Amino acid sequence: MTSAPTAKRSMLPTYLQVAPLTIVLALFFIVPVALVVVVSFFRYQMLVGIVPDFTLKNYIDLLSNPTTWTLYRSTLKFTLIVLAITFVLGFWIAYFLVFHVRSLLIAIGLFLVCTVPFWTSNIIRMISWRPVLGTEGLINSALLKMGVIDQPLQWLLYSDFSVVVAYVHLFTLFMIVPIFNSMARIDKSLLEAAVDAGATRWGVIWNVVLPLSKTGIALGALFVVTLVMGDFFVVTVMSGGLSGSATSGIFNDLQFLNYPRAAASAVILLIVVLLIAASIFRLVDVRKELVR
Amino acid sequence: MTTTAAHVSNARPLQESGEIRLVDVAKQFGNTYAVQNINLTIPHGSYCCLLGPSGCGKTTILRMIAGHETPSSGEIYIGKDMVVGKAPVERGTAMMFQSYALFPHLSILDNVAFYLKMRNVGKEERRQKALEMLQRVQLDHLKDRMPAQLSGGQQQRVALARSLITNPKVLLLDEPLSALDEFLRLRMRGELKSLQDELGITFVHVTHTQPEAIALADMVVVMDTGRIDQADTANVIFNKPKTPYVARFMGGQNVLTGTVESNSGGVFKLKSADGSTFEAKAGDETASAGSKLSVSVRRDHVALRRGDGTTEVNSIAGVVDATEYQGSYVKVTINTAGGVFVANVSDRAYFAEPVDTGDKVVASWSTEDVHILSKADTGVAGDPYLDGGH
C-alpha cells in the first residue's frame, strides 16, 4: 500500500541526481555530434556555403577519392607503429616502477619524471626535436664526427621516422599510466607463487603480469589510438608537410569552409575509431576486469 | 617429457630428505635485523610450527627457506643441499601463501596445473593431473570456477592442491588458517595434520596462535623479536617453558620471581618482593643465595580459597579482579601485590565455592608443579604478554 507512492516519490531525487551529468553530456557531446552528422548530409555550394539538403554526395566523394584511402592507410600505419612502440615502452617502464623499485617514494618520484615532457607545450616538445634530428643536428653531427657516415642522414627529420618519434615522445605516458595502474593492483605474492611453481622471470611476466595488466593495456591502447587517429598537427609539423593524416583532410575542408564534407569526414573517422575501440573492448572485457 | 611425468606421478624417493637446517642465519633490512643468530634443525617429516607475535621474524624465516628472501648471512640446508641462491623448485619446497595467491585470471584447474605448464607438460596431460589433485582436495566438481567464485575454505584447498602438485619435500605454510572463520579453522587444522601424516613430508607452519601450534606441531619454535627463544615439542614448550617470555607467550602459566633464600636438599626457597614465599625443586639449575630466580606455575595447577593474606609456602594472596567462564573451567584473574596472577579453576571446584570480583582469595600450589625458568624475569618493558590476558 505504501510502496507504490514511495517508489513514485523516490524517482524525483534519482532524476535530479542524474540530471547534471545528463545535461552536460547532452549539451557538449550528443548535440554537437548530432549536428555534425546532420551537416554531413548537407550540400556545399561554392560562394553560397552550406545548403540544407539530404545528399550522400559528401560520402561518395570522400570514399571514391583515392586521397582519402591514402590518408587512412598512412594514419593506420602510424597508429600501429606507435601503438607497438608505446606498448613495449609503457609496459616495461610500468613493470620497472611497480615491481623493481622497492621504495614507494622513489617510484612516485620516477613516475613524476615520466611526466616531465608534459610540463612544456606540445609545440615546444615537437620543435625541440629539430636540433636533435636535423641535417646539422646532434645525431647527424655526432655520427659524422665519429666517421660512421659521410653524408647526413636525411630520413631523421621531416620523415615518417620523425613523426613516429614525436608520437612516441608525446603519447607513451598515456600508455604508462593505465598499465601502471593495473600492475599496481597485482598482489605481489602472485609473482612469488608463480616463481614457487617454477616459473622463470619471463614465465612470470607472460603468464601472470601480462594477463593481469590487460585492462591497462587496453585503456592505454585506446588512448594512443584515439590520439594518433585524431592528430593532424604533429604529423604535419614533423613530416614537414610530406605526410598527412585522416584529420588533415578535415582541416583542409574546414579551411575552404566546406563544412558538409568536413562533417562527413569526421563521421567516417568517428566510425573507424569506434570500430577500433569496439575491437579492443572485444579483446579485453574492461568492465569485468575493473570490478575484479 | 617422460621424466617429468614420472617425477610428478611417483612419490619422491625416500632418500630425498626434507630435513631443514638453518645455520647462523641472519636477515637484515636496512640497518635493522629482522632475524639474527638463527640455528635450527627441523627433522625430516615433522610438523614444525614457527610461533611468535607479529613482527618477530617468523615469516622472514619461512620466506628464506622458501627462497623468496635471501639471508644476509648464514646457510640453509634442505636435505644435504645448501639451498641459498637456488630457486624454490630446485629446493623442493612449495609455499602456501597467507592470501593463498591464486591467479585470479585462471580457472582453479589451471591454477593447479600452473606448475606443470611451467614444465611444458602438454595441455591434456597437465589438466588430467591437476584434476586428480583437485579430486584429492574434493574440489574436482568446481574445476572451471574462477578463484573469486570460491569461498575462503575452498580457495585454501586450491592453494594446497597447487602447492602439492609440485611434489615438494617441504611444504611451507604462511599463516594458513588466519583468514578462515573459527569453524573452518578447526576443520582445516585437522585436515592439515592428517595430510602431513599421510604425505610424510616436512611441514613448516607459521602462526601467531598458540593453540594452533600446540594442536598441530611435533616441534614448536617460539620466537621473540628476531630470535628463537625455545624450540621443542609442544608438550615441553607448554609445561617447561625455558624463559619468562615463552611462559607468558604460551599462556597458561604464571611467572613468579623471587630471591633465593636457601638451597637445601635440592629445593630452592624463594621469597618474592611482596613477601610471599615459594619453593622449587632444583633440576640442573644452580642458583646462589641472594640471586634472582623466576619460576612458572601452570594456571590449572592452582587451587583457590577465600582468605585474607597468607604466610604459607607456595601461596599468594590477592583480590579477584575478574572471572571468566570458559565452559570446562573458570579463569579467575587475581590482583596481587606482585602483579596479576591467574588461576584456571575447574568448573566443579569453582561452583562449589564461587568467588566474585572484589573477593579476597589465596591461591596455592604444590612444589611439584613449580618449574624453574632459565633466566630471571627482567621485567616487563616491552612485553605485551605480561598482563596475563592470554
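Q: What is a cavity, and which residues line the largest cavity?
A: On a 1 Å grid over the protein atoms alone, a cavity is a set of points where a 1.4 Å probe fits but cannot get out, and lining residues have an atom within 4 Å of a point. This is a predicted model, in which totals for chains, interfaces and linings use all residues. Residues are numbered from 1 along each chain as its sequence is written, and chains are lettered from A in the order in which they are written. The lining of the largest cavity consists of Ala193(A), Asp196(A), Ala197(A), Ala94(B), Met95(B), Met96(B), Phe97(B), Ala159(B), Arg162(B), Ser163(B) and Thr166(B).

Q: Which elements each supply at least two residues of that lining?
A: Helices (H or I, at least four residues) and strands (E, at least two) are DSSP runs, numbered from the N terminus. On these terms, the elements are α9 (188–196) of chain A, together with β6 (93–96) and α6 (152–164) of chain B.

Q: How much space lies in the largest cavity?
A: A volume is the space filled by probe spheres set on the points, with grid points joined across faces, edges and corners. By this rule there is 1 cavity of 30 Å³ or more. The space in the largest cavity is about 80 Å³.

Q: What percentage of the residues of chain B count as buried?
A: Buried means under 20% relative accessible area (1.4 Å probe, protein chains only). Chain B, with 11 helices and 20 strands, has 390 residues, and the buried share is 50%.

Technical notes
This is a predicted model: local features need pLDDT of at least 70, side-chain atom pairs count only at pLDDT 80 or more; totals for chains, interfaces and linings use all residues. Side-chain values use heavy atoms; hydrogens and water are left out. On a 1 Å grid over the protein atoms alone, a cavity is a set of points where a 1.4 Å probe fits but cannot get out, and a pocket is an open set with protein on both sides within 12 Å along at least five of seven lines; lining residues have an atom within 4 Å of a point.
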